[in-house]
Amino acid sequence: MATTRHHLQLISVVTLLLSLPLSATPNKEQQSNPISRFRNYLKINTAHPTPNYTAAVNYLIAFAATIPTLKTQTLYLTTPDKPLLLITYPGSNPTLPAILFNSHLDSVPAEPSKWLHNPFSAHHSTDGKIYARGAQDDKCIGMQYLEAIKSLKKSNLNYTPLRTVHISYVPDEEIGGFNGMAKFVESKEFKELNIGFVLDEGQASVNDEFRVFYADRSPWHLVIKAEGEPGHGSRMFDNSAMENMMKSVEVVMKFRENQFDLVKAGVAMNSEVVSANPVFFKAGIETPSGFVMNMQPSEVMAGFDVRLPPTVDPDLMRRRIVEEWAPAWRNMTYEITEKGPLRDYMGRPLMTATNDSNPWWSVFKQAIEESGGKLSRPEILPSTTDARFMRQLGIPTLGFSPMKNTPILLHDHNEFLKDSVYLEGIQIYEHIIRALSSFDGASFT
Ligand SMILES: [Zn+2]
């Protein structure tokens with residue numbers, strides 16, 4: 001019964017959203033609707049290196065003030081020019097773990113001369129595309145979260161979630177998150193939120209299915225070094241630094257080939273294998289016009305960008321490097337610089353379960369299905385996001401941005417999102433917010 005009524009309400013909301021004027025004429029521009037509000041948010045330049053966080057936060061606070069029962073709080077965890085906005089939709093049972101919807105305020109820079117339209121004008125083309133830096137990454141979700149709550153409230157003024165819903169807008173994700181989400185998760189304010197589950201940003205999908213991400217890959221910067229006796233270029237002898245390095249490079253490249261073959265055969269996705277790409281070689285004795293040719297060098301170095309999915313045991317990977325890639329018996333040494341965590345505080349792989357063992361996953365998946373959407377096979381994100389900071393605390397976190405049939409344009413020139421895709425995303429979040437916030441935890445065992 002409740003489900004039927006819920007669907008009817010949603011249909012009317014959908015109709016309302018779809019009937020809103022999508023083209024931007026000067027008059028209509030003055031009217032506030034989901035598209036004009038999204039465009040106004042996009043017009044606030046929060047691109048590095050000088051993101052205007054204050055304007056973005058003020059804009060979001062003003063919008064949140066139009067939605068009944070929402071509370072806002074601005075946190076300054078570093079400097080006054082890096083605010084973090086927290087918006088709260090209080091639940092009827094504050095003792096239950098809360099849900100967090102996260103997005104970042106900042107974006108990467110844009111080169112206006114390479115764009116069809118100014119990246120901060122949020123140009124709305126006649127075919128429905130909204131061009132702006134941040135349209136996909138990730139100002140869309142930041143506004144959709146609020147629009148979804150506004151819409152839920154509109155269809156049922158008395159609707160109150162069981163669990164509290166928080167929405168966070170964090171600075172500096174695009175430059176590592178160290179003065180943003182990393183500080184937030186360490187704060188007393190974050191601990192007091194008692195977060196049980198997080199949705200963070202995902203990526204567009206070029207087909208009809210939504211993508212969802214349960215982990216990030218973690219980068220290792222590996223430098224291996226071979227040392228040996230120097231020798232005249234004419235002499236053949238064993239164990240020169242160059243010979244030993246060449247053997248190692250062969251072994252690494254064979255490993256790389258095996259991993260890449262899994263991708264080419266369709267057995268694994270790019271982000272599910274270990275990538276090991278050579279990025280530099282340093283050898284030889286330089287002269288003003290080139291290199292000394294009759295001299296075999298005593299030292300050779302090679303650098304590799306290695307990316308590990310959380311499914312790989314880092315200890316096994318280290319052993320492989322010690323025994324095969326840079327073995328001491330070949331006079332080799334190595335150095336690994338870990339650029340991100342691989343394990344949570346309990347020592348578990350940094351990933352969120354996407355099966356029935358994780359009740360949040362089941363509720364999320366069902367909400368997508370109820371909205372008429374379909375999820376593709378859960379993926380590991382090839383790059384990193386702020387989600388890793390929550391996963392480190394052991395909080396289940398999924399990356400999700402409802403953009404299907406959309407080219408992947410994050411960080412690219414002419415980043416755009418279609419108005420219809422944006423509006424559909426609001427409906428999807430209505431389902432998700434309703435389902436997660438009313439989840440009573442009965443299926444927790
Ligand atoms: Zn992003």
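**Domain organisation and packing in the predicted model**

Leaving aside neighbours within four places in sequence, Ile224 is in contact (C-beta atoms, placed from the backbone, within 7 Å) with Ser248, Ala302, Trp325, Ala326, Met332 and Tyr334. The model is a predicted one, in which local features require pLDDT of at least 70 and side-chain atom pairs count only at pLDDT 80 or more, whereas totals for chains, interfaces and linings use all residues. Residues are numbered from 1 along each chain as its sequence is written.

Ile224 lies in strand 9 (residues 218–227); strands (E, at least two residues) and helices (H or I, at least four residues) are DSSP runs numbered from the N terminus. Ile224 is classed as buried because 23 other C-beta atoms lie within 10 Å. In this scheme a residue is buried if 20 or more other C-beta atoms lie within 10 Å of its own, exposed if 12 or fewer do, and partly exposed in between, with C-beta atoms placed from the backbone. The C-alpha atoms of Ile224 and Gly128 are separated by 51 Å, the two residues being 96 residues apart along the chain.

At the level of the whole chain, the division is into domain 1 (2–212 + 354–437) and domain 2 (219–337), with bounds that come from an automatic or database domain assignment. The C-alpha centres of domain 1 and domain 2 lie 42 Å apart. Contacts between the domains involve 4 residues of domain 1 and 5 residues of domain 2. On the side of domain 1 that touches domain 2, 3 residues are nonpolar, none is polar and 1 is charged. For these classes, Ala, Val, Leu, Ile, Met, Phe, Trp, Tyr, Cys and Pro count as nonpolar, Asp, Glu, Lys and Arg as charged, and the others, Gly among them, as polar.

Strand 3 (residues 98–104) is largely enclosed by the rest of the structure, because 7 of its 7 residues are buried. Ala98, Leu100, Asn102 and His104 point one way from strand 3, while Ile99, Phe101 and Ser103 point the other way. Strand 3 runs parallel to strand 7 (residues 195–200), to which 4 bridges join it; the bridge partner of Ile99 in strand 7 is Phe197. Parallel pairing also links strand 3 with strand 6 (residues 165–170), over 6 bridges, and Ser103 stands opposite Tyr169 in strand 6.

Ala387 is placed in helix 11 (residues 387–392) and counts as buried, with 28 C-beta neighbours inside 10 Å. The C-alpha atoms of Ala387 and Leu199 are separated by 8.4 Å, although these residues are 188 residues apart along the chain. Not counting residues up to four places away in sequence, Ala387 touches Asp200, Asp216, Thr397 and Gly399.

An open sheet of 3 strands has the order 4-5-19 and antiparallel pairing. Its edge strands are strand 4 (123–124) and strand 19 (416–418), each of which pairs on one side only. Strand 5 (residues 129–131) and strand 19 run antiparallel and are joined by 3 bridges, with Ile130 opposite Leu417 in strand 19. Helix 12 packs on this sheet, touching strand 5 and strand 19, and its direction makes about 70° with that of strand 19.

The axes of helix 5 (residues 139–155) and helix 12 (residues 419–437) come within 8 Å and cross at roughly 65°. Residues of helix 5 that meet helix 12 include Cys140, Tyr145 and Leu152, and those on the helix 12 side include Tyr422, Ile426 and Arg434. By class, the residues of this contact divide into 9 nonpolar, 3 polar and 3 charged.

How values were computed. Two residues are in contact if their C-beta atoms, placed from the backbone, lie within 7 Å. Axes are lines fitted to C-alpha atoms, for helices over the stretch in contact, and angles run from 0 to 180 degrees between N-to-C directions. Two strands pair if DSSP finds at least two bridges between them.
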